[in-house]
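Hello,

I am handing over the structure we talked about, and I hope you enjoy looking around in it. Please open it first and then read on.

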Amino acid sequence: MSERVSFGVLGPLEVRAGERRLRLGGTVPTRILTTLLLSPGQMLPVSRLVEAAWDEDPPATAAHQVRKTVSDLRQRIPEGSTLIITDGPGYRIEVAPDQLDLSQFSGRLQQAREAAVGGRTADAAEQLRAALALWRGPAPDASSGSLIAAGFAVLNERRLVAVGQLVDLRLGLGEHEELVGDLRELTAQHPLREDFRGQLMLALYRSGRQAEALGEYATLRELLMEELGVYPGRQLGGLYEAILRGGPELLAPERAPKEEVPRLEAPEQEAAVLEEPAAPCTLPHDLTDFTGRERELAALLAEGDSTGPRIVAIDGMGGSGKTALAVRAAHRLAEHYPDGRLHTDLRGFSPGQEPRDPGTVIAALLRTLGVPGERIPEDIDGRTALWRATLSGRRVLLVLDNAADASQVRPLLPASAGCLALITSRIRMSGLDGTESVTLDVLSASDSLALLTAALGEERAGAEPAATAALAELCGYLPLALRVAAARLRSRPRWTVQYLVVRLRDEARRLDELRSGDRSVEATLRLSRQAMDAEHRTALRLLGLHPGVDFDVPAAAALLALPRPEAEDVLEHFLDVHLLEQHEMGRCSFHDLVRRFVRRLPQEEGETAAFERLLDHYLATTDEACRILFPSRGTDPQRSPRFAEPPVITTPEQAAGFFDRERGTLLAVVRRAADEGFDLQVARLARNLLFHFNSRSLLQEYEEAARLAVTAARRCGDRAELCRSLSNLASGLWKLGRFDDGIAAESEALEIARRLGNLAGEASCLDTLGLFHGCLGDLAAALRLLERSVELYAGLPPSRQAAYAYCNLSTVYTWLGRSADAVKTAEQAVRLSRLHGAPGEEIAALNDLAIAQLDLGDLEAARSAAVQALETGDENRVPEDLALALAVASEVLARLGAWARSDACAKRSLELARSKGTPLRQAMVENILGRLRGSEGDHRQALALHRSAYAHAQTIGYPIESAQACAGIAAALAALGDEDGARTHRTRAEALVAGMTVPPGQSAPVLRS
C-alpha cells in the first residue's frame, strides 16, 4: 500500500509521503508544482507554467523543459501520474481537500463564515484559529517568480483578513487584555493598516489604558503623514474621538460562559460613528472597492497654500476614474471642511444633455447652503458675487464634476482662503490660473488586478488568475472597462472569467462586449467625439487610419493634409482631451479601446486619399533613409511620391533610427496598402524595407515584405518590378536556408530579365542561382552559372551587384580546392565593394579572401584580410557576416600564436552566430571553431560544435557544411578513442561529398579537419 501524499503551500513548499518529506530537485520543479497547487483542479496551460518557472526570460526549450519537469515530478511523487494530469494544452493537479493545506484553509474559513451566520461566535473563532494555524511560515516573495509572488500576495491578504476577523470575534468575547500583545505585534508588522491599529486602540482602552490607546492614534497619524501625506480614515477618527470623551458605547462586554452562544455581530459600541454635522453634504457615496491611484490621492490630500483657495483640476480620458478619485479625496478631507461638502454634475460630457449653465449651477449651490431663492440675483455677475460672498470665511469643499471647459468652471470657483474646489474634466484646464493639475492615466496592471479582485471577489478572481490578468489587459487597464467587465461577470455567475476573455479577444466585438446596463465604454468615447467641432471629428477619424501602434507629427500631417505645425496643433488638442496619449516626446498613440472605437466609425469620403498620402510620406522618407544608408542601391527617379513634405532625415544615425523605430509601422503600412490595392507603392515601400531588414538580419519580416512585394508587382503587371521583387525574395530565402524555393523564385526572375533584355538583371539572377546550386552541392552548375554571371558583369559598368558574383564564385573555387583562383576573385570583389562604398559586400568579400589565403597557407595575407573585415563589420548591420569574420579571424590568430585574441574572437563569434545568425551561418561558424578547438586538443568542445553545425546544416539541406561537420565529428571521436563512431562519420562525410556534382576534370571538395 503506497504512502498517502500531502502538500503544503502555506509557507515554503512541502511535499510529504506519509512522514517522509520528498525532495523535488530544484527551482524549476518547485515553481511548477507550486503554481499547480495554487489552482488545484484547474487546467494551467504550458505557457503559464513557463512564465511561472522563468518569468519573462524563458529559454528557447522552455515548453519542452516544463513537460520534462512534469514527467520527473510524476516519478518523484508517489502516484504522481494520477495526481498531475495532462489536460488539453496543459496540466492540472487533482488532490483531495485533506491533501492540500490551501484547501483546508479555504474550508476552515467557510466553516467560520457558516458558524458566524448561525450566531456561534466561539465556534467561528475556533475555525479561524485552526485556519491560521495551517500557515507554517512566510509566503514566498518575488524571488520565487512574479507569478507565484502575485498568487501568494492574494493568499496573504486572505490570511490578514482572517486575522482581523478573529480579533473582532475575540474582542466581542471580552478577550481584550489577552489581545494587546498580539495586536502590538500585528501593528509592528503592518504599521500602516488602520484596522489592526483600531483594534489595538480598542483593546487598550478596554484594558483601562486610555492614554496608550490615544498614543497609538497619534503614532499612526504621524506615520501616515510621513509615508503617504494623508490622515487616518474617518472610522478610526471616530474611534479616537469616542475614546477621548470616554464614550460608554466602547465598554467591554462581559465574558460569556462557555455554554452561552454570544452574538457574532460586533457590539454597537465597537462601531462608534461620528454624529452627522449640520452643514450640507451632497457628496456621492465613496466606492468601497476603490483601487490604486495612491500617488494622485496623496497629491489631493496634501495641504495647499493657506493664503487663498485651493483649486485642483483632475483630467483624464473618459472612464479613467476621475470622479471616483475626486469623491474618495473629498470623503477623506471632509472633516477639514465643516461648513459644507458639495458635489455638482456640470454635465460637460453627459448623454443627451447640454453642459449646465454656470448661473444655474451657482443658484443651486446657494440654495444648498441655505440662501433663500428670493435673494439670488438673476444675472450671472450678481450670482457670482453672492456665491463668493457666501463662501467668505467658510471652509467649504466643492466637487465640480464633469466640466466641459474652463469657461464653465471659472464663475463657480471660490475666492477666499479655506475652500477647496476639485474639478474633474476630460480636458486639461490650462485656462485656469493658479490651478494644481492631476492627470490620470490608465491603471497599472497590478492595480487593475486588484480592482477586478475587489469587484469579483477573491474567490472568483483567484480561481482564474491568468484569465483575470488577461481580462485586465483586454480592458486596456481602463477603470470603466474593468468595472463594466466585472459587472457582466457578476450578472452572469455561470460565466468563467476565461469565457469573457475569449469573447473580448474578438476585436470586432470588443466594444460591444464592454457594455453593462447603461454603462458602456463606446458610449463614453462617443460623448467625447460629439463634443468636438466637425474639423476635429474628421481629423480623429483620419488619424485612426494609421495602422501602427504610434505615429509622429510628419505622419499625422500626411494623413490630415496639413502643414506640420498645424498638424501638431491638432495632436495637442487630442492630447488635451485625452483621446491621444504621448509616452515619448514627439510620438502619439491611441489607447487600445479608443483606437477600436475610431476604426469602427462609419467610413467617409477622403479616407482612401488620406491613406495614399501616408503611403507617399513613408515612401519619400524611406527613399531618403535608403539613399543615406545604402548609397549604392538602385534608384527609381521617375516615380516620385505625389504628396510628401521633405523628410527630416539628414544623417546616417537619423536614418537608422527611423528604420529601427518605425519598422513595425512600415510593415503594417505595407500590409494595409496591399489590402487596399496600392500595388506599385507596396512593391517600392517593401523594397526599401528589405534593405533595413537585411542589414538587421530580420529574416522573418524580410520574407513577409518580399512576398507582399512579389504579389503586388505581379498584380499590377510591372515586369521590371516583379523581376526585382522575385530576386529580393530569393536573397531572403537563401539566408533562411530554403534553397529550392529560392531557385524557383530566381528562375522566374531570370526569365523576366531575359525577356526585358536586362543584362544586369540577368547577371544578378545567374549569380544567385549559382549560389543556390552550390549550397545544394551541384558545384558544376554553380561554377557554370557564376562564371557566366561574372562574364556578363565584365561587359557592364562596374556595380555593387557584381561584387556579390565575384564573392560567390570565390566561395565555389574554395570548395573545389582552387585557392589561387579564389583569392583573385575575392580581391576583385573587395575592389568593387570599396569602389561603390558598400561595407556589407566588402566584409563578405574580405571573409572569402581570408579563407582562400588560409588555404594557400599565406597567414600574413589572411591576417590582413581578417583584420580589415573586423574593422568593416558592424553588429547592427548584417551581424551574421561579422560572426563569420570573427570566426575566420580566430583561426588566423590561432595559427599565428595569438591565443588570447583568438579566444576572444571565437567567443564573440559564437555569441553573435547563435543570437543573430542564420542556420547557414551558424553551421559555417561552428565548423570553423570546431576545427580550431580540435587543433588545440579540446576534442569534446570540438565534438559539440561540429554536432551543432551538422544539425543546422541538415535542417536546411546544406551538404558541403554537413560533410565538413561529419569530418570534424569523425576527427574528434577518433581523438577521444571512439574509432567505430569516427568510422561511421567518415563514411557519412564521404557519402555526402560523393553525392555532389563537380565540373568535369576537377576534384571533389576537400574536407578540412
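First, the ground rules: residues are numbered from 1 along each chain as its sequence is written, and side-chain values use heavy atoms, with hydrogens and water left out. This is a predicted model, in which local features need pLDDT of at least 70 and side-chain atom pairs count only at pLDDT 80 or more, while totals for chains, interfaces and linings use all residues.

**A covered helix**

Helices here are DSSP runs (H or I, at least four residues) and strands are runs of E (at least two), numbered from the N terminus. Buried means under 20% relative accessible area, exposed over 50%, and partly exposed in between, with a 1.4 Å probe and protein chains only. The buried residues of α2 are V46, R48, L49, V50, A52, A53 and W54. Among the elements that cover them are α1 (27-38), α3 (62-76), α7 (146-172) and α19 (465-474). Just after α2, D55 has a positive phi of about 55°.

**Two helix pairs**

Helix α24 (residues 534-543) and helix α26 (residues 564-576) have axes that come within 11 Å and cross at roughly 95°. Axes are lines fitted to C-alpha atoms, for helices over the stretch in contact, and angles run from 0 to 180 degrees between N-to-C directions. The two helices are therefore roughly perpendicular; the cut-offs are 65 to 115 degrees for roughly perpendicular, under 35 for roughly parallel, over 145 for roughly antiparallel, and oblique for the rest. In contact (heavy atoms within 4.5 Å) are H536, A539, L540 and L543 of α24 with V570, L571, H573 and F574 of α26.

Further along, the axes of α38 (residues 839-856) and α39 (residues 859-872) come within 8 Å and cross at roughly 160°, so α38 and α39 are roughly antiparallel. Residues making this contact include I843, L846 and L849 of α38, and A862, A865 and A869 of α39. By class, the contact has twelve nonpolar, four polar and one charged residues. Nonpolar covers Ala, Val, Leu, Ile, Met, Phe, Trp, Tyr, Cys and Pro, charged covers Asp, Glu, Lys and Arg, and the others, Gly among them, are polar.

**Two buried residues**

E703 sits in helix α31 (residues 699-716) and counts as buried because its relative accessibility is 11%. Leaving aside residues up to four places away in sequence, E703 touches L729, L733, L736 and R738. S799 is in the loop between α35 (779-794) and α36 (800-815), and at 15% relative accessibility S799 is therefore buried as well.

**Aromatic rings**

The whole structure has nine aromatic pairs. Rings of Phe, Tyr and Trp (its six-membered ring) pair if their centres lie within 6.5 Å; planes under 30 degrees apart are stacked, over 60 edge-to-face, and the rest tilted. The rings of F658 and F659 have centres 5.8 Å apart and planes at 55°, so this pair is tilted. F739 and Y958 form an edge-to-face pair, with 5.9 Å between centres and 70° between planes. F739 lies in α33 (residues 739-756) and Y958 in the loop between α43 (939-956) and α44 (959-975), so the pair ties together parts 219 residues apart in sequence. Both F739 and Y958 are buried, and ring pairs link F739, F772 and Y958 into a cluster.

Best wishes
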